[in-house]
Amino acid sequence: MDREDQDLVSNKKKNKKAKKVNKKKKSVKKVPVMRYKVLSFLLIVLTVITFINLFVESIFSFFYLLPIAAFSFFIIFFISFILNKNKLKRWIKRIFSLFAILIIIFELLMILFGTNTLKFIASITDTGYRVETFGVYVLNDSSYNSLFDVNDKTFGYLDEGETIKEALKKISKQIDYERVSKSTTNDLVNSLINEETDAILMDISYEAILRDEQSEKYSRLRLIDKIDVVDIVDTIKSNVNITKDPFVVYISGIDTSGNIASKARSDVNILLAVNPNTKNVVMVNTPRDFYVTLHSKNKKDKLTHAGLFGVEESLMTLSDLYDVDIDYYVRINFTSFVKIVDELGGVKVNVPISFCEQNSKRSKKDGDLICLKQGSQTLNGEQALALARHRKTIPTGDRGRGENQMLVLEAIISKAMSPKIVTKYNSLVNALKGRVTTNMDSNQILSFARKQLKNNDVWNFTSLSATGSDSSGVCYATGSGKAYVMEPDKESVSRIKSALNQLFDGEQEILVN
């Protein structure tokens, strides 16, 4: 090959190599350009979605939202302009890319925050569904171990309500049996103990009453099966604007790990009267053994037993007692105190006395006891629950326990109303799921929360506790002989009525005689 041909081949190779290099350079240049365009597109789209979400959920009023949106879009479009400008140094684009990524992450969290809020509120809103669990009980020393063992036997039941009939129908689909109707829980249990019946069908919530008040009879029973019956009730509704008008919330605490929709004794009965204009809150504790007239039964019983007939019965019974309209209720599993307080990072409480109490698992081992010293301190979940439960060494007994419950509740409310709670929002929401239910409308909850977050209001708490004297009386729920009750002190009830009237009248200072 002569020299001319060699030069031609060499030039062809050089041209090929140059084309490959140029092609590679164009490809490298195209990748970052496309990356910046995608980043700009995501930034603009997510910003639009975020502000639509803020507008729809009314997290800010339109007066504040408009200037915030204008400023935000100016920043967003400026960043997008920089990212898409061709003749600009790469390190500048990288800095603005970092800003864009941080804004995108923040906007995603804002959208997620709103979605979680709506889901949580939907999960706690009372839909009216009630779960009533009935137990099939036999004598402890009997040979029956399952429902099928009592086929063709005699069943005792309490003839009250449609749900018991539904439970009997469910049993009829599995076995044959003879029915024996009883008018009171006491007669029902006695029919089994006296061997008049082979088994009894009883609302499982009555177990706690028997365990506490008739322990000898309780020890004679053994549970062999459970039947769940779902009922739908009309929930109590209120049209009060809680951001402008005074309102009352009934907090019902059930000390059980069961379904929050189940009927159960209400061991905690606190009224929370709120005036959003004067920023006054009156907390009223009513002892669980207060001897009251049940609203729908017109019979005397302990307040705690009202919960066996539904949260509505407890609410209306308290409404009759204090002559006040109660707008809303919040039903909470009191054992969830542990999770709530822990998620809040603890609550500061002035513990009135030194004491020791069982932990949340009711363990009686010395090493599991929760012991607290008198004085101001920050309590974790287990300690807060111990304070809310303890009554044995308190001179005022159940009234003193109710006052301690209000101390813990006030500490929880004060901390939960702080804007700092936003950092613990998701974990707190998860702690409350399945452990709380309310008849409060979701829009009302959101409106009140938004107003509190905007204004960061400081609330004034006044705590009152109804008092009474030790007595005994016949309880409608059990139908048994006389049991321990607390006879209401009329003077203390009058003081509470006066404080509630002052709050509703808009008094700046609640005077308690």
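**Figure 1. Arg288 and Asp267, a buried pair.** Both Arg288 and Asp267 are buried in this predicted model. The two residues form a salt bridge, in which the closest N and O atoms are 3.0 Å apart. Distant parts of the chain are linked by this pair: Arg288 belongs to the loop between β8 (280–285) and β9 (291–293), while Asp267 belongs to the loop between β6 (247–254) and β7 (268–275). The partners are 21 residues apart. Side chains of opposite charge can pair when their charged atoms come close.

**Figure 2. The salt bridge of Asp289 with Lys302.** Asp289 and Lys302 form a salt bridge, and their closest N and O atoms are 3.7 Å apart. Because Asp289 lies in the loop between β8 and β9 and Lys302 lies in strand β10 (residues 300–302), the pair ties together parts that are 13 residues apart in sequence. Asp289 has a relative accessibility of 5% and therefore counts as buried, the limit for this class being under 20%. Lys302 counts as buried because its relative accessibility is 4%.

**Figure 3. Glu491 and Arg495 within helix α15.** Helix α15 (residues 490–504) contains both Glu491 and Arg495. These residues stand four residues apart, which is about one turn of the helix. A salt bridge joins Glu491 and Arg495, with the closest N and O atoms 3.8 Å apart. Glu491 has a relative accessibility of 56%, so it counts as exposed, a class that begins over 50%. Arg495, at 29% relative accessibility, counts as partly exposed.

Figure 4. In the whole structure, a search finds eleven salt bridges.

Figure 5. Helix α5 spans residues 185–193. Seven of its nine residues are buried, so the helix is largely enclosed by the rest of the structure. The buried residues of α5 are Thr185, Asn186, Leu188, Val189, Ser191, Leu192 and Ile193. Glu195 follows α5 and has a positive phi, near 60°.

Key. Residues numbered from 1 in each chain as written. Predicted model: local features only at pLDDT ≥ 70, side-chain atom pairs only at ≥ 80, totals over all residues. Heavy atoms only, no water. Salt bridge = Lys/Arg side-chain N within 4 Å of Asp/Glu carboxyl O. Helix = DSSP H or I, 4+ residues; strand = E, 2+ residues; numbered from the N terminus. Buried < 20%, exposed > 50% of the residue type's maximum accessible area, 1.4 Å probe, protein only.
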